[in-house]
Amino acid sequence: MFFKMLLSLMLISAVTLYAQPKSQERSQVKYGKILEKKEVMGYDYLKVDENGTQRWVAIAKAPVKVGDTIGYDTRTVMRDFKSKSLGRTFKEVVFANEVYLPKRSSTPSSMKEVLSEKIEAVETEVSEKDFKPKPFYTVEEVHRYRKLLNGKRISVKAKVYKVSRGIMKRDWVHLGDGTGDEKRLTDDLVFTADSANVKAGDEVTAKATIVVDKDFGYGYFYKVMGENAVFTVVK
């Protein structure tokens, strides 16, 4: 169970995106043409064709589409993997930590750049002088005003979409309230706590201290997140 939760967290935040593998890494990389793409919050399942062999590969959200040929490492393979988000069991899924994208002039080189590029595009130019604190913020507003909220204790009203427990000695709670843009990655907000007494589907009020550009190392990077969260389930 811990292994599956760790995989989910890694896919959401830790995948490394490259244009091309280095020469010494090419033997460890497989290539496949994307035949089908299934999107769920934070990551994608891709059905690919490897020279006539079809398989499923799961990666963090990336700028890929059906018809693209991508490369990916195959070090982590899960068999008989049950995806609650998609409501199906996969006979085999490759959870790729390194993904090599089609060469495009605008393709970012890392997930940090992907997040920076997408989220900074919606940040406001409102100055701190003009900024008016609110009792509750929407998920989109936390992304939009992240620099002004940095270090502040704020509250949101949202729905719990996913909880990953006991990873790096904390619980990771994904929140959404219908605001934000999935393509810009501003529809999902992660709050962490030593222990979160919530589950997927709960409607909650959540209070946390906002931090920005949080880098845990090993690819775990967040443009904005909440720490030391306290959750209250709305009954």
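**Figure 1. V230 in strand β13 of the predicted model.** V230 is partly exposed, with a relative accessible area of 49%. This value belongs to a predicted model. The residue V230 is part of strand β13. Apart from neighbours within four places in sequence, V230 is in contact with R153, T205, A206 and K207. V230 and S155 are 75 residues apart along the chain, and 9.4 Å separates their C-alpha atoms.

**Figure 2. The protein as a whole and the confidence of the prediction.** The protein has four helices and 13 strands. Of its 235 residues, 48% count as buried. Among contacts with a separation of 6 or more, 59% involve residues 24 or more positions apart. The mean pLDDT of the protein is 78, and 73% of the residues reach 70 or more. Among the elements, strand β11 (residues 189–193) has the highest mean pLDDT, 94, whereas helix α1 (residues 2–13) has the lowest, 42. The pLDDT is below 50 over residues 1–27, a stretch with 73 contacts in the model beyond near neighbours in sequence. The pLDDT is also below 50 over residues 105–109, and there the model has seven contacts beyond near neighbours in sequence. Where pLDDT is low, the predicted coordinates should not be read in detail.

Figure 3. A search of the whole structure finds four aromatic pairs. How are the rings of W56 and F90 placed, stacked or edge-to-face? Their centres are 5.2 Å apart and their planes stand at 65°, so the pair is edge-to-face; the cut-off for this class is an angle over 60 degrees. W56 belongs to strand β4 (residues 53–60) and F90 to strand β7 (residues 88–95), so the pair ties together parts that are 34 residues apart in sequence. Both W56 and F90 are buried. Together with Y45, the residues W56 and F90 form one aromatic cluster.

**Figure 4. Charged side chains over aromatic rings.** R88 lies over the face of F90, at 4.2 Å from the ring centre. In another such arrangement, the charged end of K157 sits over the ring of F136, at a distance of 4.4 Å from the centre of that ring.

**Figure 5. The largest nonpolar core and a second, separate one.** In soluble globular proteins, nonpolar side chains tend to be buried together. Which residues touch the most other members of the largest nonpolar core? Of the 27 residues in this core, they are V142, V156, L175, F191 and F231. At least two residues of the core come from each of α3 (139–144), α4 (146–149), β9 (153–167), β10 (170–176), β11, β12 (203–217) and β13 (220–233). Beyond its neighbours within four places in sequence, V156 is in contact with F136, Y137, V142, L175, L189, F191, V204, T205 and A206. A second, separate core has 13 residues, including L46, A62, V64 and I70.

**Figure 6. T186 in the loop between β10 and β11.** T186 is located in the loop between β10 and β11. Is T186 buried or exposed? The relative accessible area of T186 is 1%, so this residue is buried; the cut-off for buried residues is under 20%. A polar atom of the T186 side chain lies 2.8 Å from the backbone nitrogen of D181.

Figure 7. D80 has a positive phi of about 55° although it is not a glycine. This residue, D80, is found in strand β6 (residues 77–83). With a relative accessible area of 53%, D80 is exposed. K169 is likewise a residue other than glycine with a positive phi, near 65°. The place of K169 is the loop between β9 and β10. K169 counts as exposed because its relative accessibility is 79%; exposed residues are those over 50%.

**Figure 8. R75 in the loop between β5 and β6.** R75 lies in the loop that runs between β5 (69–73) and β6. At 53% relative accessibility, R75 counts as exposed. R75 and V94 are 19 residues apart in sequence, and the distance between their C-alpha atoms is 7.9 Å.

How values were computed: Residues numbered from 1 in each chain as written. Predicted model: local features only at pLDDT ≥ 70, side-chain atom pairs only at ≥ 80, totals over all residues. Heavy atoms only, no water. pLDDT = per-residue confidence, 0-100. Contact = heavy atoms within 4.5 Å. Phe/Tyr/Trp six-rings, centres within 6.5 Å; stacked < 30°, edge-to-face > 60°. Buried < 20%, exposed > 50% of the residue type's maximum accessible area, 1.4 Å probe, protein only. Lys NZ or Arg CZ within 6 Å of the ring centre and 35° of its normal. Core = buried A, V, L, I, M, F, W, Y, C linked by side-chain atoms within 4.5 Å. Polar contact = N/O pair within 3.5 Å; in protein donor to acceptor, adjacent residues only side chain to side chain.
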